[in-house]
Amino acid sequence: MYFEFTCENCKKKLRLREEYVGKRARCPYCQHAQVVQPPSPSGPDDPLSFLQEASAVPRQESSAAARQPTPGAVGPSKRAAPAGPAREESASGTEVNVWQSGLLGLAVFVAIYAVLFPFQNTYLGGLLWKRGWVQFVEVWLASWSAVILFFKYRKLTVQRRSMLFDLLPDDISREINVESASRFIQHIRGLPIQSGESFLVNRVLRGLEHFGVVGSSSEAANRLASQSEIDSNAVDSSYTLIKVFIWAIPILGFLGTVIGIGQAVGAFSSAMAAANDLSALKSSFNSVTSGLSTAFDTTLLALALSMCIMFPMSSLQKAEQDLLNWVDEYCNENLLKRLKETGIPSPLDGANGQALQAAIDAAMAGHHAEFRAWAKKLEATGESLAQQIAKAWAQTDEKIRERHAAAMREIVKAGDSFQQTAERLKTVSEKQAAAMDELASRTTELHSHLADSLERSSKSICQAADSLNAYFAALQTGLGSLNDVLGKLGEKQVVVQVPASRRRWRLFG
């Protein structure tokens, strides 16, 4: 239900919902924030109270006015349009300009990377700067989505403030008929808000213009119902681009995963080809780990960004749907119930006809309450359907996550096998290096022993040569002396005397 409330600053009359009682509300005229006080209690309206007012009015004046023909009067099907220009403005609602938001999203993207440029060596900086082009696209789409949600939130704030306007004040007329519809339209167009900026203002204005032309409350109700469907479709279509981004960001993450795994597999094949070269093997395994980090980090960033966009988008979409429900309730409570068809002749004239109309309204009050109850049931049904859809989406998302987790497990197994193979190759290369070091040490030791042996042999040979030289020199000297002695003996007779003791022959001696 709605009640009138006067702003304590500008003294403008507002029409608020009962939910605003005790809360702070901002006046849409002067932007003054104040606490909404509960309305003063009043007794129930007497549906026949107007009879006392009608008795004070002379019946002769009313009957004369009824008998007097109105110049330029037309039938119900050809009523004159209300005064003032009938502007057809398209209600943008919470729709955001795609190109403007895209450019601002690009500016936010550049600002993020400019801030993180000095921190490239950190984990977050490396996550955004050193994982390929997929990260840049993901951050740009996320920035674009954030800008769209920010603009939609601002427009939703304007929409909520417009709900405080008293669009149909009682000062103009208690009942809304064809003659008073033009004054209500003029009042609405004088408010400090455009009809394209508010679902409520646009819908009430369309309903009044349509009622002023056709003069039928049922036609006006159909016009409001069709406008409600148009507004609901507009709200749903305004989230199409963000939903596409939420779908595209995880796909880009999976694409980065495929690219990283492809790089890791290619680097692993290069590592197998360069197994004999230790330095080439190390550089190849660095490429393998770099590809795996790209695969994991792109998916991690994509899932995190999609979650950060999905939660505020769902909250904002629910807030807009609640706003449309409030607009429907406002039109049912404050517009449709006050529409009076003056072109249809009443079966009774004067106070009796008004009494009958009031009695009918009082009798229909229960049906209105039943209609509101059905509306609440339908709203609850819609919420249950939304919960079921959300549950189905959660199940689908869970299946996708399970498949992704299975793929990640396979990738981790492949990475573990790669790591085990790398460790085995590293162990073999270490053994080969140790064997080569031992062989080199043994070769060096044998070379040193051989050099020492050769040195000792050369020294022995030199000593033997010196000994032979000395021996031959002594022999030469002895031979020379012998020659001299023989020469001297050749000139002399040599008598050899044998001692007598040695003349005896001995068998052994």
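Is Trp 144 buried or exposed? At 11% relative accessibility, Trp 144 counts as buried, where buried means under 20% relative accessible area, exposed over 50% and partly exposed in between (1.4 Å probe, protein chains only). This is a predicted model, in which local features need pLDDT of at least 70, side-chain atom pairs count only at pLDDT 80 or more, and totals for chains, interfaces and linings use all residues. Residues are numbered from 1 along each chain as its sequence is written, and side-chain values use heavy atoms, with hydrogens and water left out.

**Aromatic pairs**

- A search of the whole structure finds seven aromatic pairs; rings of Phe, Tyr and Trp (its six-membered ring) pair if their centres lie within 6.5 Å, and planes under 30 degrees apart count as stacked, over 60 as edge-to-face and the rest as tilted.
- One of them, Tyr 113 with Phe 136, is stacked, at 4.9 Å centre to centre and 20 degrees between the planes.
- This pair links helix α3 (residues 98–116) to helix α5 (residues 133–162) across 23 residues; helices are DSSP runs (H or I, at least four residues) numbered from the N terminus.
- Tyr 113 is buried at 4% relative accessibility, whereas Phe 136 is partly exposed at 26%.
- Trp 144 and Phe 245 form a tilted pair, 5.0 Å centre to centre with 50 degrees between the planes.
- Trp 144 lies in helix α5 and Phe 245 in helix α9 (residues 240–273), so this pair ties together parts 101 residues apart in sequence.
- Phe 245 is buried, at 6% relative accessibility.

**Ring cluster**

- Phe 109, Tyr 113 and Phe 136 are linked into a cluster by ring pairs.

Conventions
Helix = DSSP H or I, 4+ residues; strand = E, 2+ residues; numbered from the N terminus.
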